[in-house]
Amino acid sequence: MSFKVSVAKLVAKVGGPFSKFGSGSGKSFAGILFTKIAGIDAISELSKQLGIGSIILTGTNGKTTTTTLLIKLLSTDVPIRSSFESNTINAIASAFIQQKGDIGVFEYGIRNIKYGIPDTVQRVVDPVGVVYTTISQEHTQVAGVKNPFEDYYKAKRLLSQGMKRGVIITNGDDPRTALLGIDKEKDVHVNYYGIETDGIEDINGEAVNCPKCGETLTYSKYYLNHRGIYSCSCGFKRPDLNVKLTDIEFAPDSWKLTIEGDLFNYTVSKNINFNIDITVPPYGFHNIYNTLASITTYASFTPKVENIESTVKKVFNNLDMSFIPPGRFEVVDIGGKFVGLGQGDNGDALKINAMFMNQFVDAPLEFIYTTPDVDEEEIFEDHYKVIKSMNPEHVIVVPGRHSIEKAEEYYNIIKQDFPDAEFYPLSYEEMDVRIEKLNELARNSDYKYVIMTGCGEEQAMWEEIKKKMINR
């Protein structure tokens with residue numbers, strides 16, 4: 001290292017312990033000190049300390065969960081440096097400075113080029129792995145300004161565009177992430193993951209435009225929203241999958257997944273095969289993709305390929321659900337009545353909750369819907385498609401955010417299709433009253449099956465409702 005970089009690293013190490021006063025798991029104070037002294041380009045000297053290299057994970061949804069699962073898997077075989085929930089280059093630099101390990105595992109959210117600096121991150125970190133979870137239009141707003149989706153997509157592309165070595169791991173079921181892999185096959189290895197079973201099917205999948213030519217894609221199967229089996233008249237289609245879910249068995253308290261793999265491993269420079277059965281808690285359909293992404297990445301980079309099957313089984317057969325944020329959707333049995341409840345504050349999340357609930361429903365259903373707020377009409381439109389697809393016998397509408405007036409507007413739209421729908425104008429400022437009433441509505445419902453989901457006070461509201469419902 002140059003003298004300037006050595007000094008910057010020393011100062012950062014001394015100042016780094018102060019990062020414990022900050023928030024988030026990817027403490028970044030040491031990285032801030034380092035880049036202030038040595039400059040952002042000097043991070044490239046730090047990145048060279050890793051014997052194998054760095055893996056960066058990005059996408060619209062699933063980054064934190066996938067990163068957490070990958071850390072559990074890889075750290076079983078090799079010392080790693082990591083950061084998550086802190087999507088900055090300074091968090092990555094802090095991990096380089098403060099931790100030890102031959103592989104880096106870093107979550108990196110990117111909403112635009114200006115703030116995300118994806119091309120700079122690729123250049124100075126020089127990752128040997130870039131992982132794409134999924135790309136949709138949910139996180140395109142930055143600093144209160146709507147970022148054009150084309151720019152958002154370009155920012156994701158730039159994170160891997162300059163790669164000349166390593167492996168891209170990408171969701172083959174998502175046409176947008178699949179194209180990012182297809183366009184780099186001439187430069188690096190690409191391992192695609194996805195679903196290949198009749199055991200999962202979306203309740204109302206939506207075709208998107210071909211990311212290559214712009215025409216509407218043709219789907220033979222939807223798995224989740226725009227993820228599925230697709231093709232286009234221009235020749236673009238879902239690529240062959242290297243890691244795939246080939247079977248799934250649902251039970252109220254557990255799911256059994258069969259996952260097959262035939263992929264390139266970077267550390268041993270050869271293809272490897274595996275076939276694994278794992279049993280997990282009923283953790284939601286979106287986490288199937290997070291599971292596939294983490295297993296594919298682990299199998300692509302572990303130097304101990306002989307451990308793949310045993311390590312995957314050990315990690316997933318013993319999940320304690322702590323890796324999933326509070327507020328997750330669960331189905332609670334209260335005296336023979338099944339109440340599905342949890343956060344669903346965007347269209348993707350609400351649909352996942354509905355698909356989860358549908359496993360249990362064999363009689364009329366009541367939908368207790370907590371609404372979005374002002375300027376969240378797009379979220380409501382996505383929510384309402386899901387509500388109608390479930391064909392509930394009865395609908396109750398409650399404000400999920402601050403504006404009671406806006407909630408009533410949404411209710412009046414719902415009432416056109418569901419004339420018997422009811423509205424409860426519960427105040428956000430009296431959250432205890434709202435929580436108590438939601439709990440009461442579910443408990444006193446005339447229906448055997450009740451789904452309660454939508455927007456809310458993030459995870460806290462849902463966790464409190466669950467506690468009241470389970471402990472009463």
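The tour visits an aromatic cluster and then a hairpin.

This is a predicted model: local features need pLDDT of at least 70, side-chain atom pairs count only at pLDDT 80 or more, and totals for chains, interfaces and linings use all residues. Residues are numbered from 1 along each chain as its sequence is written, and side-chain values use heavy atoms, with hydrogens and water left out.

**Stop one: aromatic rings**

Select F250, W255, Y283, F285, F329, F356 and F360. They form one aromatic cluster. Rings of Phe, Tyr and Trp (its six-membered ring) pair if their centres lie within 6.5 Å; planes under 30 degrees apart count as stacked, over 60 as edge-to-face and the rest as tilted. By this rule there are 20 aromatic pairs. Keep F250 and F285: this pair is edge-to-face, 5.7 Å centre to centre with 65° between the planes. F250 sits in strand β11 (residues 243–251), and F285 lies 35 residues away in the loop between β13 (270–280) and α10 (286–301). Helices (H or I, at least four residues) and strands (E, at least two) are DSSP runs, numbered from the N terminus.

Is F285 buried or exposed? F285 is buried, at 8% relative accessible area. F250 is partly exposed, at 32%. Buried means under 20%, exposed over 50%, partly exposed in between (1.4 Å probe, protein chains only).

**Stop two: a hairpin**

Strands β9 (residues 218–224) and β10 (residues 227–231) run antiparallel, joined by five bridges. Strands pair if DSSP finds at least two bridges between them. T218 stands opposite S231. Two residues separate the strands, and N225 takes a positive phi near 55°.
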